[in-house]
Amino acid sequence: MDSVLGNVRQNEDVLENDRAQPEFTRTFAGYYPTRVNDRRVSRGRELLDQHEQLLISIQHDTGVPPHYVLAFWGLETNYGGYLGNYSVPDSLATLACDSRRSDYFSGELMNALRIIERGDVAAADMKGSWAGAMGNVQFMPSAYLKHAVDADGDGKRDLWGSTTDALASAGRFLEALGWQRGLRWGREVSLPEDFDFSRVGESQPLHVWTEMGVTSTAGAALPPLENEAKILLPAGHDGPAFITYHNFNVIMGWNRSEYYALTVGRLADRIAGAGRLARAIPDGPKKWPLATVRRLQEVLAERGFAPGSADGFFGPATRKALAAFQASLGQVADGYPHPATLDALGIQPE
Ligand code: CA
């Protein structure tokens, strides 16, 4: 405590980042292509060869296959290309002394001290994102304490300098989140012509979707799994359709974002040899102004559809309310804010 907290400094830059109000929310068209691209896929395939033995042993211990571990690594830090250069003790102490999320960051600061005390890393070397996420797979101190492992056996859990420790720790974290061995995250699918789009986002046993005519993109029957599954259309009915299984929810335990989880799953598939999406993401806005989404939520609420709170973020409740509105007009009820839908709500698309 004395040696670390005696030396921490308030970092104004951290406070600025924490208080910055986003003005836009990304669309899938603005999110996916910058994260899953040919360069990142081919780098992932090189690393799959390079770390084959390690990745196979991680799969043996945790059940998480090599291509998924690589996908997390690729998305979190571009395979270790950028680990973050903020002093984590400074960041966490700054946020702990700020009123906004003091309890959470006070806890994370104490966890960081425990990591330093254990001898895993010196305080001066504990670098990370402005919010305190650390190392190759960007663990917060609480995840570090619970899930990081010393897989290379040098006595330290080193998530910065040891790829072995970092990737094994990612596997352990996913195992603890409930990763189901031998199963995929989900996949891109084809929907039948008469698909009832109001069912998007609903959780149903896989056979229910199969009976409705959902198939692989090649038109083949989906392997029958004992699994709850959802259909997601992140770019609307004229974009790619995905079916998601239990392990998709596990990925969301790491980062509570459907876009993130779809992106991990797809990057993993591509590293393992899959091609690009069978159905391209349609041209459309790369981001939505939060003000527009908020307006959309307000108008839906005024008209008696329940879109959740008007927070400007396009989540499942907003999608469902928008789909109900579209159905009431006889539009395709995919819950996606197409120009015609916005027009019917009296909202100017920007
Ligand atoms: Ca180690």
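Predicted model: local features only at pLDDT ≥ 70, side-chain atom pairs only at ≥ 80, totals over all residues.

**Exercise 1. A salt bridge across the chain**

The side chains of D18 and R101 form a salt bridge, with an N to O distance of 2.6 Å. Determine which parts of the chain this pair links, and whether D18 is buried or exposed.

Solution. Step 1: D18 belongs to helix α2, whereas R101 sits in the loop between α7 (88-96) and α8. Step 2: the two residues are 83 residues apart, and the pair thus connects distant parts of the chain. Step 3: the relative accessible area of D18 is 7%; buried means under 20%, so D18 is buried. Step 4: R101 has a relative accessibility of 35% and counts as partly exposed.

**Exercise 2. Salt bridges within helices**

Examine the pairs R172 with E175 and R295 with E298. State in which helix each pair lies and how many residues apart the partners are.

Solution. Step 1: in the salt bridge of R172 with E175, the closest N and O atoms are 2.9 Å apart. Step 2: both residues lie in helix α10 (residues 163-176), and because they are three residues apart, about one helical turn separates them. Step 3: R172 is partly exposed at 31% relative accessible area, and E175 is partly exposed at 32%.

Step 1: for R295 and E298, the closest N and O atoms are 3.2 Å apart. Step 5: helix α14 holds both R295 and E298, with a spacing of three residues, or about one turn of the helix. Step 6: the relative accessible area is 38% for R295, which is partly exposed, and 35% for E298, also partly exposed. Step 7: a network of salt bridges with shared partners joins D18, R100 and R101. Step 8: the count of salt bridges comes to 13.

**Exercise 3. The largest pocket**

Describe the volume of the largest pocket, the residues nearest its centre and the makeup of its lining.

Solution. Step 1: the largest pocket holds about 1,600 Å³ of space. Step 2: its lining has 40 residues, and Y31, N255, R256, S257 and F313 lie nearest the centre. Step 3: by class, 21 of the lining residues are nonpolar, seven polar and twelve charged. Step 4: several elements each supply at least two lining residues, among them α2 (12-19), β1 (24-26), α3 (28-35) and α15 (316-329). Step 5: α13 provides the largest share, four residues.

**Exercise 4. The second largest pocket**

Why does the second largest pocket lie between domain 1 and domain 2?

Solution. Step 1: this pocket contains about 300 Å³ of space. Step 2: its lining includes L75, E76, F139, M140, F173, W254 and N255. Step 3: α6 and α12 (246-254) are the elements that give two or more residues to this lining. Step 4: the lining comprises eight nonpolar, three polar and one charged residues. Step 5: the second largest pocket lies between domain 1 (2-176) and domain 2 (186-271) because both give residues to its lining.

**Exercise 5. Strand pairing around β7**

Identify the strands that pair with β7 and the direction of each pairing.

Solution. Step 1: strand β5 (residues 204-205) and β7 (residues 228-232) run antiparallel and are joined by two bridges. Step 2: within this pairing, Q204 has A229 of β7 as its bridge partner. Step 3: β7 also pairs with strand β8 (residues 241-244), in the antiparallel sense and over three bridges. Step 4: K230 has T244 of β8 as its bridge partner.

How values were computed:
Residues numbered from 1 in each chain as written. Heavy atoms only, no water. Pairing = 2+ DSSP bridges. 1 Å grid on protein atoms, 1.4 Å probe; cavity = no way out; pocket = protein on both sides within 12 Å on 5 of 7 lines; lining within 4 Å. Points joined across faces, edges and corners; volume = space filled by probe spheres on them. Nonpolar A, V, L, I, M, F, W, Y, C, P; charged D, E, K, R; others polar. Domains from an automatic or database assignment. Salt bridge = Lys/Arg side-chain N within 4 Å of Asp/Glu carboxyl O. Buried < 20%, exposed > 50% of the residue type's maximum accessible area, 1.4 Å probe, protein only.
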